Every structure is written in structure tokens, then in C-alpha cells.
Amino acid sequence: MCETIFGPNSIVLEYLHFSGDKRSTYNLGSINQCQICWIPIENFSKVVLEDPEFSKMYIRQLAKRGLENQRLITCLGYKTVRERIAYWIISGGNSAMESTEATELEFPVSQEVFSEILHVTRSSLNQELQKMSADGLFAVKRNVLKNIDYAKLVNEI
């Protein structure tokens, strides 16, 4: 039902709410330690309809995830691994990154998860990261891209 990889501080609110089902089977997997809080649909619906602050938070989460999903769909339109990496970095890296002026950017969880997001193999991702690093687009230190040259990355796409 949902193939999204949720990052830190993600909230998954709407799936059961929008389905309207009273009973559902749900499979959740987590890469990192997380907390899950199940809220009965009746309680959730009441809070959404009656609490303006909660409603705003809920809509903000939906919009944020919708924009992130659109960004990733656009990213997958690029044919080469290099273009996908460049676009992903330029377009915001991950939902936690607010500015394209950042000189450092962490991979979302790990290179393995990053390769899944970009729909490429881990080995091809790693090879291209090393080539891009050698070309001076950024430096790779474990799970962090450092000294990102946004002007050069724009030329890659």
C-alpha cells in the first residue's frame, strides 16, 4: 500500500483514516528504532475535525510528503545514476534539508537506502559517487556528502 521510506520525525496518519475501514492488516518495517502509536479512527477523525492546530499539522505533513514524493518521481525521470544523484542533491536532498546552500548533506539513513530511493543498484551508486567526488562535485565521507558544488551539479542535469 505504501512504498515510501519515511525519515526521522515522520508521521503516517492518513492511510487508515482515508480508507474508512474499521479493520486493516498493516505491515510496517523500520530501519531504525521508532515508536508506533495506534489511534482509533474515531478518535483521530474527531481530532482532525475539531482541533484547528492538529488539522494544520496534519495538512502540513500531507503536503510535505506529497511534495517529497513529486520530487522523487521527477528524480526518477533522469536516465543516468549521475543525473539522479545531482537532481536529488539540488532539489533538496531530503526533507530535512531546507537550503541548497548547505555544504554538507547526509544520505537518507545509508547508501543502501539511498540506492533504493534512486532505484539504482548500490554498487552503481557507489561507483558514481566516487566518480563525482573525483570530478570535484563533492567529497564523500561515510554517509555524508561534503563541500557540495551546486553550480557544477546543475551542469550535470
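Predicted model: local features only at pLDDT ≥ 70, side-chain atom pairs only at ≥ 80, totals over all residues.

Residues are numbered from 1 along each chain as its sequence is written, and side-chain values use heavy atoms, with hydrogens and water left out.

**Exercise 1. Get an overview of the protein.**

Task: Work out how many helices and strands there are in the protein, and which pattern they follow along the sequence.

Step 1. Take helices as DSSP runs of H or I with at least four residues and strands as runs of E with at least two, numbered from the N terminus. That gives seven helices and three strands.

Step 2. Walk along the sequence, and the pattern reads α-α-α-α-β-α-α-β-β-α.

Step 3. Now check burial, where buried means under 20% relative accessible area, exposed means over 50%, and partly exposed lies in between (1.4 Å probe, protein chains only). Of the 157 residues, 32% count as buried.

Step 4. The accessible surface comes to about 10600 Å², and 51% of it belongs to carbon and sulfur atoms.

Step 5. Finish with contacts, meaning heavy atoms within 4.5 Å. Among contacts between residues at least 6 apart in sequence, 55% join residues at least 24 apart.

**Exercise 2. Describe how α2 meets α3.**

Task: Find the angle at which α2 and α3 pack, and say which residues make the contact.

Step 1. Two packed helices are described by the angle between their axes and the distance between the axes. The axes are lines fitted to C-alpha atoms, for helices over the stretch in contact, and angles run from 0 to 180 degrees between N-to-C directions.

Step 2. Helix α2 (residues 41-50) and helix α3 (residues 52-76) pack at about 100°, with axes 6 Å apart. The two are therefore roughly perpendicular, on a scale where angles under 35 degrees are roughly parallel, over 145 roughly antiparallel, 65 to 115 roughly perpendicular and the rest oblique.

Step 3. On the α2 side, the contact uses F44, V47, V48, L49 and E50, while α3 brings P52, F54, S55 and Y58. Sorted by class, that is seven nonpolar, one polar and one charged residues. Here Ala, Val, Leu, Ile, Met, Phe, Trp, Tyr, Cys and Pro count as nonpolar, Asp, Glu, Lys and Arg as charged, and the others, Gly among them, as polar.

Step 4. Zoom in on S55 in helix α3. S55 is buried, with a relative accessible area of 15%. Leaving aside residues up to four places away in sequence, S55 touches V47, V48 and L49.

**Exercise 3. Sort the sides of α2.**

Task: Which residues of α2 are buried, and which exposed residues sit on the face turned away from them?

Step 1. I41, F44, S45 and V48 are the buried ones in α2. They cover an arc of only 100° around the axis, so they lie on the same side of α2; the arc is taken from the directions from the helix axis to the C-beta atoms.

Step 2. Turn to the face away from that buried side, and you'll find the exposed residues K46 and E50.

**Exercise 4. Follow α4 and α5.**

Task: Say how many residues of α4 and of α5 are buried, and what covers them.

Step 1. In α4, nine of its 10 residues are buried. Their cover includes α3, β1 (104-106), α5, α6, β3 and α7.

Step 2. In α5, six of its eight residues are buried, with cover that includes α3, α4, α6 and β2 (139-141).

Step 3. Helix α4 (residues 81-90) packs on α5 at about 100°, with axes 11 Å apart. That makes α4 roughly perpendicular to α5. The contact is made by R84, I85 and W88 of α4 and F114, I117 and L118 of α5.

Technical notes. Areas by Shrake-Rupley, 256 points an atom, 1.4 Å probe, with all protein chains shown as cover.
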